[in-house]
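Colleague: I would like to learn how to read contacts between chains. Could we go through a case together?

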Protein chains: 4
Amino acid sequence: MTDAPPINLFDYEALAEAKIPPVLWDYLVDGAGDGITLTENRRAFERIVLRPRTLVDVSRIDLSTSLLGAPVRSPIMIAPCGPQGELCPEGDCATAEAAGRTGMLMVASGGASRAIADIAAAATGPLWMQLYHYGDRPRTEAIVRRAEAAGCLALALTVDSPRFGRKERSLRTEDEYDWPELANYAGLPAPTAPSIRGAPVTWADLDWLRTITSLPIVLKGILTAEDAELAAVRGVPGIVVSNHGGRQLDGVLASVDALPEVVEAAAGSCEIYLDGGVRRGTDVLKAVALGARAVLIGRPVLWGLAVNGADGVFDVLTLLRRELTDAMALTGRPTLADVDGSLIAFSKLRHSRA
Amino acid sequence: MTDAPPINLFDYEALAEAKIPPVLWDYLVDGAGDGITLTENRRAFERIVLRPRTLVDVSRIDLSTSLLGAPVRSPIMIAPCGPQGELCPEGDCATAEAAGRTGMLMVASGGASRAIADIAAAATGPLWMQLYHYGDRPRTEAIVRRAEAAGCLALALTVDSPRFGRKERSLRTEDEYDWPELANYAGLPAPTAPSIRGAPVTWADLDWLRTITSLPIVLKGILTAEDAELAAVRGVPGIVVSNHGGRQLDGVLASVDALPEVVEAAAGSCEIYLDGGVRRGTDVLKAVALGARAVLIGRPVLWGLAVNGADGVFDVLTLLRRELTDAMALTGRPTLADVDGSLIAFSKLRHSRA
Amino acid sequence: MTDAPPINLFDYEALAEAKIPPVLWDYLVDGAGDGITLTENRRAFERIVLRPRTLVDVSRIDLSTSLLGAPVRSPIMIAPCGPQGELCPEGDCATAEAAGRTGMLMVASGGASRAIADIAAAATGPLWMQLYHYGDRPRTEAIVRRAEAAGCLALALTVDSPRFGRKERSLRTEDEYDWPELANYAGLPAPTAPSIRGAPVTWADLDWLRTITSLPIVLKGILTAEDAELAAVRGVPGIVVSNHGGRQLDGVLASVDALPEVVEAAAGSCEIYLDGGVRRGTDVLKAVALGARAVLIGRPVLWGLAVNGADGVFDVLTLLRRELTDAMALTGRPTLADVDGSLIAFSKLRHSRA
Amino acid sequence: MTDAPPINLFDYEALAEAKIPPVLWDYLVDGAGDGITLTENRRAFERIVLRPRTLVDVSRIDLSTSLLGAPVRSPIMIAPCGPQGELCPEGDCATAEAAGRTGMLMVASGGASRAIADIAAAATGPLWMQLYHYGDRPRTEAIVRRAEAAGCLALALTVDSPRFGRKERSLRTEDEYDWPELANYAGLPAPTAPSIRGAPVTWADLDWLRTITSLPIVLKGILTAEDAELAAVRGVPGIVVSNHGGRQLDGVLASVDALPEVVEAAAGSCEIYLDGGVRRGTDVLKAVALGARAVLIGRPVLWGLAVNGADGVFDVLTLLRRELTDAMALTGRPTLADVDGSLIAFSKLRHSRA
């Protein structure tokens, strides 16, 4: 494979593994506990079966949509993840440049290797910033101000990490690596709250956050109808259905398995995005058919970055976009509006709510 | 196995793999994407469980039926596939000769190594011609005229290939092979439409096609009740339930899993054929029990052709026919009319429509 | 394992494989086609889950029952199978002696290595004779007379073999073995009917058979409710639910999966026996809980015979009987009458009738 | 792994296997029959899918509860198991000391290596004693008196062992080990009842037992709603849902699969505990969500004991407790009262009662 160009995202994974130091690799691919949820994030997609339509005019395939009003060229977003500076010198800035080149939206990581101002400078497409609420409110407010100043269009508040999950592969090796500082926290005072390993956040914190900024705040890490209903009541504009890439608590729902109940509970009151396990154009199609407005991809972006910097990311995004275009053509859905639940052959093996 | 005679179609597969150049082999056995649909085409058959009847007079087993009115000696048809000329010098003509010897119907490939006139000359049984609508209408019309002139009894319009699927195993190696010309397109002008890799076709194209020929036009590549209903409304005489051998879009329904909904939607208005994954006599029996009038076999014909030319094809067809005869006897169904849904033990794992 | 005594039937299988010539082994363990039904016969048992009761007085466990009125010491019968003379010089006579020693009923094979008169002479317990209707009625009648003369209490007419299944492992090697004559057919004239490989039999043949003998005739090889209903209407006294050890047609129901519908259809009008895949005492218990009056075991008897003649068979039967006794004690069922459907935790994965 | 500290219970298993003599190891890890229930005890947990809530205040996680009125610091109990004296010189006393250090309840084994008086002397937390009713009533009464004298708060009567299961791995090797005496039976007269290998006990024995002691008597080994209903009618204060670690009868329900029906049948009339297969904090959480008041862990305690005596046990318990704490935080359940059925994504694959 060394010389042949990669033809799918798994090729990038293999190339990246050969380049990335093992301890860092362990950290990037790790899942919590026994890795069941990590595996299920993929398997759940593979279990979903498509019902393609034929004899439709698919001479033009239109992937464009909008995310909280901002037009984008495809329903694929860059998930916040890191540490990108360890994979390529320009780090998150390279990713931002590649995302802009493809007309996709990037969610910059709160824990990025580069400050949000730098990432924004490199970005030519729409930019959101992911936010952990850890430490204390003054720290969080400082980050919000930096996101506003950088021109971010929205904040994505991570709600699934009141403690950081036990990624056991990493736990065994992480001491052997010299982990970088988080650029966005440079110059901020130390947290006042008693430190625990995690980013605890409550509905009250969300309410407070909404008082200090006019940026729309998306919740990242919702997996249940109950939380979606609470979010809808509060007028939350967007929800990222996510289990944090299987890195927080092993045994929770695969994210695409959680998607239908969240979509149903939100009942059109906000945009729903799907994060976790997306590797194929058909995965994007399946998520959209189940009600997602867009998907986020994380680890594959890191593979691209490690293999070939911004051009690697661009190629990863282009491959995925091309697969999605093909999948829409081959299922007779020329636009995203044509992608609905009739595309899915529901099996009787799906989870049901208690 | 080298010296012992093959006793089933899998033996032919093994023998063929040893003879066919690797790059060509990759192309022939390939599936799109991760190969899930390719695998499911077989697994779906293996999941179907038979309920045999006993104490019936099965001293005579009658496999004869008719296809669009043409009598045939068994409900097994030769699927259009190629490039047969690369596997044996006589190519598609050898296949046509073997099909006639067994009283089976052949669907000649539009992309055959030999011109339809030559194939028709070699055929002693009923012949249909498969058709891609690519390039433009004049090109398609020219092919139709050639099919008519050759005496084909019907056309099988492929509707699942508006783009050609990404067969990844082939993508990695296809440049190493010197692919042949398509005989049926010899002497035709170049296509006028902007070339994309595929054969896009719409219901409007079908309507047009029906104005230029009186041949019955069967649709090949339908997988949903919705499309079957649209076909029924138009009076389409036959539908091939097919996912193109898993070669177009990975993740779509296994063809035999799609069969019941298509049969139900067509409601007897046309003949339904099943293509994809048939390797055993019991597979034919299962498809017929689920409502198919006949099945198509593709790759196994190529194995036979590669191993021993027309005689190899004849032996493949004879083995399959013999297995079907045994299966009918051992389930107490002496004629195809006796093969109905009561033969199937429906499990609760099947897909249901949304 | 060579020196340690076998502690279960699988140990006997391993010991037997080491002793039996490979070609004969292939024949004995073979299944039809791809072996799916052969495998499912075991898996279906493994999928059945038990619900044990506690705090019951199980100081005495009573396995005794009766089969068509004849008292037996356990609900385990010897299935007809062969060729036993190839495994031990005394062949079927050794088996008969061991069966008698355990108070179990033996169904002597129509294709036994020893004549039914000899087997009867060696037997001290109840004896039935299995019957193929092949060749012609005079031949069948001759066999019936021999069974009557030998004192058999019933006939077990095999109804699932109008043709003999394609056991592919054997097909590849059977020519290398010198197969013995069938003792029961010695001295009979050649069959008059055109020979095909099989034992075709119809309801009309059954009706005729009932006119020529007063022995009760059990049907062996029923797998559906429909055939059970037809048998019940005719007053058939017993049904062996069996797929011939997976040796006839691959893809048919696992025998224990077919048991519930046969039991329900027979509605108490006759005794139901289960044949196929029984290897553990809990398998016997499961079959009885699902409505079987007894089970038949075949291959394990052959392992015992090959390993240690009559004593080997006795040990196999004793091990199985002991496991059943333990299982009854550990589920709180001191008698077979206590073993009912409440013992089974029905999963939602079972097959349903169309 | 040799030098790195264990980070989960499976690490302790691996370390213990390297230290424990093989014959003893075989005995400890063994399951009855083919080991299906042993395996299912784990798989059933892995199949259960969690639905985590977010944005809840989880700054304080409270694991405390009470067991039959005695306060404990977590819903994790030490299961009765042995022979602990073979794994560490202090044996069960070391375990008792470690249990007290973590504020957990220990159920001392009736077959302990150390007498209950010694164990009680080492214990600083609440103590119950497990009881086999074997031999005869005088022997049982003598044990009860010793438990009372030692200050045990309850008795756990094992009801699933009227015979001891056939643990086949052990059967093959147990003669090679010099098994220790049972300390609690020292000085008692030999049993008067005819000895069989087991501890048969009936509802009548339970009734008698209740007349001779005022200690609450918990039933250990119930797996069905029927037995739970009988226990409820008698006012039994606690039930341990257990299949004896898969060691008694292969094929019975996984214990956590049996939990819902027992909880429903008991209808709040008594406390329900879950024993079997618990290895992860999420397993504890799942059991509590399905209605268990607490779980018991057995083999992992032995791993800890073998690896590092009382400190090993303490570390095992601490790891599990920490995982549970994390799991409660990450599912938004700060107290055990918040852990209910809405935490479980019920799949359609669960067993249903006949």
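Modeller: Start with a term. A polar contact is a pair of N or O atoms within 3.5 Å; within protein, one must be able to donate a hydrogen and the other to accept it, and residues adjacent in sequence count only if both atoms are side-chain atoms. Some ground rules follow. This is a predicted model, where local features need pLDDT of at least 70, side-chain atom pairs count only at pLDDT 80 or more, and totals for chains, interfaces and linings use all residues. Residues are numbered from 1 along each chain as its sequence is written, chains are lettered from A and ligands numbered from 1 in the order in which they are written, and side-chain values use heavy atoms, leaving out hydrogens and water.

Colleague: How many residue pairs are in polar contact between chain A and chain D?

Modeller: The count is 13, with both residues at pLDDT 80 or more.

Colleague: Which elements of chain A each supply at least two residues of the side that touches chain D?

Modeller: Helices (H or I, at least four residues) and strands (E, at least two) are DSSP runs, numbered from the N terminus. Here they are α7 (168-173), β8 (217-222), α9 (225-233) and β13 (351-353) of chain A. α9(A) gives the most, with 4 residues.

Colleague: What classes of residue does that side have?

Modeller: Ala, Val, Leu, Ile, Met, Phe, Trp, Tyr, Cys and Pro count as nonpolar, Asp, Glu, Lys and Arg as charged, and the others, Gly among them, as polar. The side of chain A that touches chain D has 16 nonpolar, 9 polar and 13 charged residues.

Colleague: How many salt bridges are there between chain A and chain D?

Modeller: A salt bridge is a side-chain nitrogen of Lys or Arg within 4 Å of a carboxyl oxygen of Asp or Glu. Chain A and chain D have 7. One of these joins A:Glu261 and D:Arg51, at 2.5 Å from N to O.

Colleague: What area is buried between chain A and chain D?

Modeller: The size of an interface is often given as the accessible area lost when the parts come together. Buried area uses a 1.4 Å probe and is summed over both parts. Here it is about 3100 Å², and carbon and sulfur atoms give 57% of it. In chain A, A:Arg163, A:Arg166 and A:Leu249 lose the most area to chain D, together 21% of what that side buries.

Definitions and conventions:
Buried area is the accessible area (1.4 Å probe) that two parts lose on being put together, summed over both.
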